[in-house]
Amino acid sequence: MGHWLKQNWPKLTIALLVALCVGVALFLRIYLPYDKIFGGDVIKFSGTDVYYHMRQVDSLVYNFPHHTVIDPYRIYPGASGIISLSFFEWLLAITIWVVGLGSPTQHTIDVVAVYFPAVLAGLTIITVYFLGKELFGRGAGVVAAGLMAIFPGEFLGRSILGFTDHDVINTLLTTLTMLFLLLAIKAARQRELSLSHIYHRQWVVIARPALYSLLAGVFLGFYLLTWQGALLFIFIIAVYFIIQSIIDHLRHKSSDYLYPIGVILFLVALSISLPIPRPTFYLVSLIIALLIPAVMSTVSQLMVSRKIKPAYYPLSLAGLGITGVGLLYLISPSLVSAMLKSFSIFTPSGVALTTIEMQSLITPISPGGGFFETPAWGNFNISFLLFIAVLLYWLFWKILVRRQWSTEENLVLVWTVIILLTAIGQRRFASYLVVNIGLLTGYLSWRFLEFAGFRERVTKVAKEKLRPGFRITLSQVNMALAVLIVFLIVFLPNVMPVYPNALKVVPSMLAASQVRYAPSDSWVSSLVWLKENTPDPFSNPDYYYQVVEAPPPGEKYTYPESAYGVTAWWDYGYWITRIAHRIPSANPSQAPKENSRVARFFTAQDEVSANEIAQEMGTAYVILDFDTATGKFHAMARWAGRTPEEFFDIYYYKSPEGQMKPIQLFYPEYYRSLSTRLYNFNGQAVTAQKTIVIAYRERVTAKGETTKQITRAELFDSYDKASDYLSAQESGNYRIVSDNPFMSPVPLEAAAHYQPIYSSSGGLTVSEVGIIPVVKIFEYTD
């Protein structure tokens, strides 16, 4: 036993370190947010879209293996289209069904579901270790796994207790795909796999690359079954095959080994993904990816056999690609347009940017902020800069100058560059980028530790017999200092607040304990009240769990006369469905028609136009909260086809110290909006409370931005006096404003058709007003 331990202690040490990484990850993701998830009467989930997935899981678990085909609780009026459950939802439902011994309770469903993402995160960390080990060695794999465990930001937030969404399994499945693709490529290169081996069925050479390719295809197929945007990794792998084939051909090397790998991988992924219906361009894209390895191999062999200069190979591939796209466009222009539209993930625009996760990774959170206010710094802090350093080293020094690179490094480089560009387009893809940053930062950190003598020491100790006594050597001091430096610079800032506040880093221990996207106690209690104190829309509370079949082709689902809609901003639609078992007027599915309709309802400037929209939506109840009436109002304005500056704007005033400071001022249009009249003033008539008239001038800053500077401000005790004063001004810029969203500068009529019926207990303290309930519910009567 002792001899075995001496021989295997390096491997055991690595295994213990990886287990420690997983343990730290689970501590952050489970222990720290535990009280916020399990602390109330209802188990909470820590995300918005999570409640959509849990609605589908409810249906599947209660009717296993069947589920509702359309969901009348999705949105009112209109229900949903045909529902195809993802691999993620099936995997979770099967797990719950097994744990519940075929008859799980609602409590069992919720408990298993809230732990699910944390467990998947642990599996992802183990996978990253093996990926790092194959690329850079065991030490780099351990560092990468450790960083994955503690990085704050998107990956932590999307794998925390209760964030039961597909994001974390997307990261796991894509990492597994890249791991087995890497293993397939390494095995094929080591065995010098060629088409001749396949033709002569030399299984000793073929078996291992084929097995790894098969496994890569399986996990890629599961990914395709999980998320409709999974073509992203089809694109990454296809681009890698093209680039690697060009590199091999220019180096006068065969790229035949890519042919079987690509065909097996894409064929298996295509076969697995077929059960879920997808748009036509989806299937066409997969078929094109399947053909790419075969086409590249054929063209390369033809050019070699005819002794055509290698430099013409990339031109030939480009010509074939352009010709193929042209022919496809002639056959179906809409198909090509749909395929090109899928690249919009790199450049979201318009109202999509009102959603936080669709904003850029490198755009400062606050206007005018620097790099330290970007999500890139918040997600990865110093590791992002180290990652960029390694990436530049690979791109410009290792590849372009020294021209030293391996096939495996090419795969990582292509994968990393495309994922980085995707994350720059939308910050939510930082949950994918975390793997690449962990790997490259792990690579750099381990090279530093090797420089300090770590590899030499590990090798030496592994070969030496243990000697009695204890002696500190200079080599040991160097290694200890190196470990300390890596810990202080790379690891510690991710976990604890070591940076000055100005650097805007929220360490993982603080981020994990916040659980920012779980519904508040006020929201949960309000929705439970709604469920228990309003009529069931289907006159049967158990209808929520029933399987609803699709109507005949050409027909729509018919709601009973008892059905109605609950109107709230779309962020809360899935909460309304699963917690209250009521039907929202909009939800986070980003449906343009429903979202813009709700936005126009809340920003309506008179009750008549608001009532018309309410009748169109079939609204019976309206729910508003503090965020909707204040912080999210800008999003409602944009969805309504207007601009936030029509309702409020930022002005600058000179402080007593002589500095120009910003202040947000609200216009009459903000107070006349239905959401303000209901939430801020309970739908009651209001006399002008704080009427200010400002004079201002516009200035252009050195950055070319136009700012508004207040030159004079007058406070009036009535709106009429302020209007008379404004009318008397013959020139200049003047506006009637208020600096408090809960103190109107203009008189408001009562919203007669909206009666307050519930307010959440407790609330928020508002200056000059007092305590305001977080959530309010109104009944609409026409």
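This is a selection-by-selection tour of a predicted model. Residues are numbered from 1 along each chain as its sequence is written, and side-chain values use heavy atoms, with hydrogens and water left out. Because the model is predicted, local features need pLDDT of at least 70 and side-chain atom pairs count only at pLDDT 80 or more, while totals for chains, interfaces and linings use all residues.

**Stop 1: the cores**

Select Phe 233, Phe 601, Ile 623 and Tyr 754. Of the 211 residues in the largest nonpolar core, these touch the most other members. A nonpolar core here is a set of buried Ala, Val, Leu, Ile, Met, Phe, Trp, Tyr and Cys residues joined through side-chain atoms within 4.5 Å; buried means under 20% relative accessible area, exposed over 50% and partly exposed in between, with a 1.4 Å probe and protein chains only. Next, show helix 8 (residues 167–190), which gives the most to this core, with 15 residues. Helices (H or I, at least four residues) are DSSP runs numbered from the N terminus.

Center on Phe 601. Leaving aside residues up to four places away in sequence, Phe 601 touches Thr 567, Ala 610, Ile 613, Ala 614, Met 617, Val 622, Leu 674 and Tyr 754 (contact: heavy atoms within 4.5 Å). Another core, of 13 residues, lies apart from it; Val 69, Ile 70, Tyr 543 and Tyr 544 are among its members.

**Stop 2: helix 12 and helix 13**

Select residues 258–273 (helix 12) and 280–305 (helix 13): their axes come within 8 Å and cross at roughly 165°. Axes are lines fitted to C-alpha atoms over the stretch in contact, with angles from 0 to 180 degrees between N-to-C directions. The two helices are therefore roughly antiparallel to each other (angles over 145 degrees). On the helix 12 side, the contact residues include Gly 262, Phe 266 and Leu 270; on the helix 13 side, they include Leu 286, Leu 290 and Pro 293.

**Stop 3: cis peptide bonds**

Go to the loop between helix 3 (50–62) and helix 4 (87–99), where Pro 65 lies. A cis peptide bond joins Phe 64 and Pro 65, with omega about 5°. Pro 77 is also in the loop between helix 3 and helix 4; the bond from Tyr 76 to Pro 77 is cis, with omega about -10°.

**Stop 4: positive phi**

Select His 252, in the loop between helix 11 (231–250) and helix 12. His 252 is not a glycine, yet its phi is positive, about 60°. His 252 is exposed, at 67% relative accessible area.

Finish at Lys 307, in the loop between helix 13 and helix 14 (312–331). Lys 307, not a glycine, has a positive phi of about 55° and is exposed, with a relative accessible area of 77%.

Definitions and conventions: Parallel < 35°, antiparallel > 145°, perpendicular 65-115°, else oblique.
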